[in-house]
Each structure stands twice: as structure tokens, then as C-alpha cells.
Amino acid sequence: MEGSDEVLAGRAAAGDMEAFESLVNRHRLGVYRLARSITGNHDDADDAAQETFVRVFRALETYDPTRPFKAWLKRIASNTSLNILRSSRARSSRTVECDPPDLPDPSPGADQELEAGQTASGVQEALDAMPADLKATLLLRAVEGMSYRDIAGATGVRVGTVMSRLSRARLRILESLENPGTGGKRSAEK
């Protein structure tokens, strides 16, 4: 179905299910990617994406078609993903998962691959330990490529808050890479 997102959202709000289906088809991959980057796993991301579109459908009557639909959708997706991440962390706080260690490859170039793997592991460790608001802000910027203003709209905070959250999130990642095993937390924070 042709038309801008804003036009389709208006039609969907008036009961046009084909228009809503077109919106879902246009944005489901982007919503899933955003949810996956925030939640960190497929199952939670899938739940968050489905819940996002349920919430969008229920809230279509409140959507202002003079504002960008995509920013409105990402705000709902971000909030839904954060809620699922929080509940998932609460459920898993009682369990500990351990992956078997990766053994280095003795072939040429293994040192570089090992170092890259350690860097990726350090970044992931910092992301996992990061508060949800910092993680979401960082991922909206780094993965989704959103502007500070769009992130502010999607998360419901001021641009200055976005900037400070990004700064704190980046600092945690750097600290995690410099001090493996800390999750990016300064020793004074422990």
C-alpha cells in the first residue's frame, strides 16, 4: 500500500487494517533490530516487537499525524524493549549463565582475532552491566544512527540528558576495556 507513514497511520486510526498492516510490514525489521539491540536476545526482542505493534495499534487514535510517525514508533519500541529488558533481568537475576571459553586459534593472525574477541567481549560486558537508560540511549545512537534530537523524542528526555547519557555510556565502555571484569564500573562505584 502506497502513502507516507503519517497518512497510513491516519487511515489505520480510522479502522483501515490494510494501512496498519502496511505500517507493520514497513517497520517490523527496524523495530525488531532496535528491540534486539536493547534486550540482547532474540526471544525478548521478538516479544518486544510484537508488544510494540500491539501498543501502537491501541494508541493510534492518540498519534498526531503532523509529527513523524517513525520517531513515535521508535519511542514506543524503545520503552517496550526497556520494560521487557527490566523484567527479563529481574527473572534472570537468580540464574548465572556461563559460556565455555573460546580457545585461541594457533594459526597466523590469531593474536589479532583474540584481541578483537576480547574487545567485543569487553564491550558486551559493559553493555550488560549498564543501566537500561544508558544502554538504550547508546544503542539508539550507535545502532540505529538516530540524532540526539530524535533520541530525545524517542526516550522522552531533553537533548542535554541524551548527551550526558551517551557520555556516561561511552565512559563505561572505555573503563570496561581498560579494566576487564568491572563491567565499566569505576572502582569508586563498587
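Modeller: Helices (H or I, at least four residues) and strands (E, at least two) are DSSP runs, numbered from the N terminus. This is a predicted model: local features need pLDDT of at least 70, side-chain atom pairs count only at pLDDT 80 or more, and totals for chains, interfaces and linings use all residues. Residues are numbered from 1 along each chain as its sequence is written, and side-chain values use heavy atoms, with hydrogens and water left out.
Biologist: How many helices and strands are there in the protein?
Modeller: Eight helices and zero strands. The pattern along the sequence is α-α-α-α-α-α-α-α.
Biologist: What share of the residues is buried?
Modeller: Of the 190 residues, 37% are buried. Buried means under 20% relative accessible area, exposed over 50%, partly exposed in between (1.4 Å probe, protein chains only).
Biologist: Pick a helix. Which residues of α3 are buried?
Modeller: Asp44, Ala45, Ala48, Ala49, Thr52, Phe53, Val56 and Ala59. Seen down the axis of α3, they fall within an arc of 165 degrees, so they line one face of the helix. The arc is that of the directions from the helix axis to the C-beta atoms.
Biologist: And which exposed residues does the face turned away carry?
Modeller: Asp43 and Arg58.
Biologist: What happens at the start of α3?
Modeller: A side-chain oxygen of Asn41 comes to within 3.1 Å of the backbone nitrogen of Asp43.

Notes: Polar contact = N/O pair within 3.5 Å; in protein donor to acceptor, adjacent residues only side chain to side chain.
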